[in-house]
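The sequence and structure come first.

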Amino acid sequence: SEDSMFLLRAAAYSAIALGIVEASGTLPLRPSLVSTGAVSAGRLVPLRGGSTMKRALSHENLGAEVQGHDDTLEQRIYAKDDTDEHRSLWHDLPLFEVDIKTGKPTGFVNFVCEIPKYTRKKFEIATKEPMNPIKQDEKKGQLRSFKKGDIYFNYGCFPRTWEDPDFVHPDVGVGGDNDPLDVCEIGLRQIKTCQVRPVKVLGVLCMIDEGEADWKVIAIDKEDPWADKLNDVGDVEKLLPGTLDVVREWFRTYKVPDGKPENKFAFEEKFMDRAFCLQIMHETHRAWARLVKGNVEEEEAAKKEDKEKPAARKFTMKRNLSVPALDAMKQVEGSLLEDEARLTEAMNKAAIG
């Protein structure tokens, strides 16, 4: 079967992939630095950071801190920068990778890994919690894993994107799923939970999940041996036949073991090309900006109405999501414009190509 072919090819490269992981130089997950102190709902506190947003935040200066025990509802995995402050992988990290030495964008996109390939625990960014740590999803008090089995690719999202439920794509007919834009990284390495890797965007698949548009970007790690050869989904079909079919079939049937029907797809189940994918990224990035800026505008209006101004907050709620408050948003404006410029540039190049 196509699934078996994909797994056999991946197994053949496993030694190479493991070598790449060891040589990646990315800070590994590390136990919490706080061994004593207050505990709230099973999680260690307090968190440091979040009042400002660093414009040059990069995968090169990010590590991870685990708070809580494995296989518990309370466990959280927080991103930490090289000053030992916690950072939001959704809001602090730029959409496009930035060289920390030059401060200039590299042209690649930051991918936040939530679920490593060949694993099944359903980790995700906690969009409703301050600092947006990664946690294992739960339903009715039970931790969730894929009953279908291990996932065949690294799965995560792009920072500073948001699939707006109120935005209905004209070719799809339904709104977004209220989450960051999902990404399937198809490279050889297994990327760790909470690890950030720069990737090359190749295309996108639109899944319709319970009446919501749930876009799945196809991307590959910039350091993967295949990265130089793959520039669009057509290249994936030609050079790695069966890979995209495995991704589609995974999403079609992964809920069936839970007693749910198969998922459907827009565009006659086709993977759309890189140029189209960049348009989706542009839409979701601007939606994220509206989400955050809209929250700031409401906060400013509330302060004007209230004679006694409330204390500055690092994070606040909007649409039941935890987003930066006014003091943090002022720090992100510069990098927001840079992300927008990089997206426009990438879209223009894709259109020319």
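Leaving aside neighbours within four places in sequence, with which residues is V247 in contact? In this predicted model, V247 is in contact with F153, C184, I186, I218 and F271; contact means heavy atoms within 4.5 Å.

The model is predicted, so local features need pLDDT of at least 70 and side-chain atom pairs count only at pLDDT 80 or more, while totals for chains, interfaces and linings use all residues. Residues are numbered from 1 along each chain as its sequence is written, and side-chain values use heavy atoms, with hydrogens and water left out.

## Cores and overall figures

V247 is among the residues with the most contacts inside the largest nonpolar core, which has 52 residues. Another core lies apart from it and has 28 residues, among them V183, V217, M281 and L343. A nonpolar core is a set of buried Ala, Val, Leu, Ile, Met, Phe, Trp, Tyr and Cys residues joined through side-chain atoms within 4.5 Å. Buried means under 20% relative accessible area, exposed over 50%, and partly exposed in between (1.4 Å probe, protein chains only).

Of the 353 residues of the protein, 52% count as buried. The protein exposes about 16,100 Å², of which carbon and sulfur atoms supply 51%; the areas come from the Shrake-Rupley method with a 1.4 Å probe, and for residues only the protein chains shown count as cover. Among contacts between residues at least 6 apart in sequence, 71% join residues at least 24 apart. The protein has six helices and 19 strands; these are DSSP runs (helices H or I, at least four residues; strands E, at least two), numbered from the N terminus.

V247 belongs to the buried residues of helix 4, as do W250 and F251. Ten of the eleven residues of this helix are buried, so helix 4 is largely enclosed by the rest of the structure.

A pair of aromatic rings is described by the distance of the centres and the angle of the planes. Rings of Phe, Tyr and Trp (its six-membered ring) pair if their centres lie within 6.5 Å; planes under 30 degrees apart count as stacked, over 60 as edge-to-face and the rest as tilted. By this rule the count comes to eleven aromatic pairs. F153 and F251 form one of them, which is tilted, with 5.7 Å centre to centre and 45° between the planes. This pair links distant parts of the chain, 98 residues apart: F153 is in the loop between strand 12 (142-143) and strand 13 (154-157), and F251 is in helix 4 (residues 243-253). Both F153 and F251 are buried. W250 and Y254 form a stacked pair, at 6.3 Å centre to centre with 10° between the planes. W250 is buried, with a relative accessible area of 1%, and Y254 is buried at 10%. Ring pairs link F146, Y152, F153, Y155, W250, F251 and Y254 into a cluster.

Two strands pair if DSSP finds at least two bridges between them.

| Strand pair | Sense | Bridges |
|---|---|---|
| Strand 4 (residues 62-67) and strand 5 | antiparallel | six bridges |
| Strand 5 and strand 6 (residues 86-87) | antiparallel | two bridges |
| Strand 14 (residues 182-185) and strand 16 | parallel | four bridges |
| Strand 15 (residues 196-209) and strand 16 | antiparallel | ten bridges |

Six of the six residues of strand 5 (residues 76-81) are buried, so strand 5 is largely enclosed by the rest of the structure. In a regular strand the side chains alternate between the two faces of the sheet. Both faces of strand 5 are covered, with R76, Y78 and K80 buried on one side and I77, A79 and D81 buried on the other. Y78 stands opposite E65, and A79 stands opposite R87 in strand 6. Strand 5 and strand 6 form a hairpin with four residues between them, and D84 in the turn has a positive phi of about 70°.

Strand 16 (residues 212-221) is mostly covered, nine of its ten residues being buried. In strand 16, A219 stands opposite E185 and A213 stands opposite I208. Strand 15 and strand 16 form a hairpin with two residues between them, where E210 in the turn has a positive phi of about 50°.
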